[in-house]
Amino acid sequence: MESLSFIPLTVASVLSSFTGTNGTVEEAVISTHTSPEIAGLWELDLQATPDFADTKDSAAKAGQSKEMQDLLAAIKESSRASQAADDALAKAQSQAAAAGDVQARQDLLAKDSCRERYNFGADSALITTSGAEWTYGKYVYQHQEEGLPIIAITTTYDNNEPDCSGRQVDQKGEAIIAFVDYQPEQSKMRWCIDKDGDNCFMTFHQLRP
């Protein structure tokens, strides 16, 4: 994202934008407001399988990723004063460990008529729909000095209806952090657990008007 590449954001500042006061968040949005390169409507490819070929090792690989460990450690360090942030960290760790859960993805495949879509707004708002479930949250997308950009998402509302997999889970308060392999020439992006994009667990295709 060329327009944001000069902003000296850190992982700590990404998290603080979720845990600070409303005034602080609004000020940050106003001072850095641009339209991220991933803004728009994306659909999750339910047929794509994670890069982890061995499902027995997938969770271990997700948990052992040095980049993800460093990322989670930095978040934990920056959020010791916030119990809500600590809870979000635990859920982010759980998400990382479950990144290679191929069986869960197969559950989604069973409902091939279902669509899971993510609408990334230019105002940092994110709305997702999956089956009867829809959620609202905020996201931060930033480029790094090295490696892929990072996306951090926190969910602030969930209507708690069944998603494409048939599961009914209230995701309010959950957080996820991933490296983004954005491929504009293919209208595609993948979410990964490493900064080089070698281990990715979700694939999206952009829906054009």
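# Close-up views of a predicted model

Counting the bonded cysteines of the protein chain in sequence order, the pairing runs 1-2, 3-4. This is a predicted model, in which local features need pLDDT of at least 70 and side-chain atom pairs count only at pLDDT 80 or more, while totals for chains, interfaces and linings use all residues. Residues are numbered from 1 along each chain as its sequence is written, and side-chain values use heavy atoms, with hydrogens and water left out.

**View 1. A disulfide joins Cys114 to Cys164.** A disulfide is a covalent bond between the sulfur atoms of two cysteines. Here the term is given to a pair of cysteine sulfur atoms within 2.5 Å, and the whole structure holds 2 disulfides. In this view the S to S distance is 1.9 Å. Cys114 lies in the loop between helix H6 (102-109) and E2, and Cys164 in the loop between E5 and E6, so the bond ties together parts that are 50 residues apart in sequence. Helices (H or I, at least four residues) and strands (E, at least two) are DSSP runs, numbered from the N terminus. The torsion about the S-S bond is about -80 degrees, so this disulfide is left-handed. Is each cysteine buried or exposed? Cys114 is buried at 14% relative accessible area, and Cys164 is buried at 0%. Buried means under 20% relative accessible area, exposed means over 50%, and partly exposed is in between (1.4 Å probe, protein chains only).

**View 2. Cys192 and Cys200 form a disulfide.** Their sulfur atoms are 1.9 Å apart. What is the handedness of this disulfide? The torsion about its S-S bond is about 75 degrees, so the disulfide is right-handed. Cys192 is buried, with a relative accessibility of 0%, and Cys200 is buried as well, at 4%.

**View 3. Five aromatic residues join in a cluster: Tyr118, Phe120, Tyr139, Trp191 and Phe204.** Rings of Phe, Tyr and Trp (its six-membered ring) pair if their centres lie within 6.5 Å; planes under 30 degrees apart are stacked, those over 60 are edge-to-face, and the rest are tilted. The structure holds 8 aromatic pairs. In one of them, the ring centres of Tyr118 and Phe204 are 5.0 Å apart and the planes stand at 80 degrees, so the pair is edge-to-face. This pair links distant parts of the chain, with Tyr118 in strand E2 (residues 116-120) and Phe204 in strand E8 (residues 200-207), 86 residues apart. Tyr118 is buried at 10% relative accessibility, and Phe204 is buried at 0%. Look next at Trp191 and Phe204: their ring centres are 4.7 Å apart with planes at 45 degrees, so this pair is tilted. Trp191 sits in strand E7 (residues 188-192) and Phe204 in strand E8, so the two parts tied together are 13 residues apart in sequence. Trp191 is buried too, like Phe204.

**View 4. Glu43, Arg115 and Arg117 are linked in a network of salt bridges.** Side chains of opposite charge can pair when their charged atoms come close. A salt bridge is a side-chain nitrogen of Lys or Arg within 4 Å of a carboxyl oxygen of Asp or Glu, and the count comes to 5 salt bridges. Arg117 and Glu43 meet at 2.7 Å, N to O. Arg117 lies in strand E2 and Glu43 in strand E1 (residues 40-44), so their pair ties together parts 74 residues apart in sequence. Arg117 is partly exposed at 31% relative accessible area, whereas Glu43 is buried at 17%.

**View 5. Arg190 forms a salt bridge with Asp51.** The closest N and O atoms are 3.3 Å apart. Arg190 lies in strand E7 and Asp51 in the loop between E1 and helix H3 (55-64), so the pair ties together parts that are 139 residues apart in sequence. Arg190 is buried, at 16% relative accessible area, while Asp51 is partly exposed at 35%.

**View 6. Ser187 lies in the loop between E6 and E7.** Its relative accessible area is 18%, so Ser187 is buried. Which side chain makes a polar contact with the side chain of Ser187? The partner is Arg208, at 3.2 Å. A polar contact is a pair of N or O atoms within 3.5 Å; within protein, one must be able to donate a hydrogen and the other to accept it, and residues adjacent in sequence count only if both atoms are side-chain atoms. Leaving aside residues up to four places away in sequence, Ser187 touches Trp42, Phe204, His205, Gln206 and Arg208, where contact means heavy atoms within 4.5 Å.
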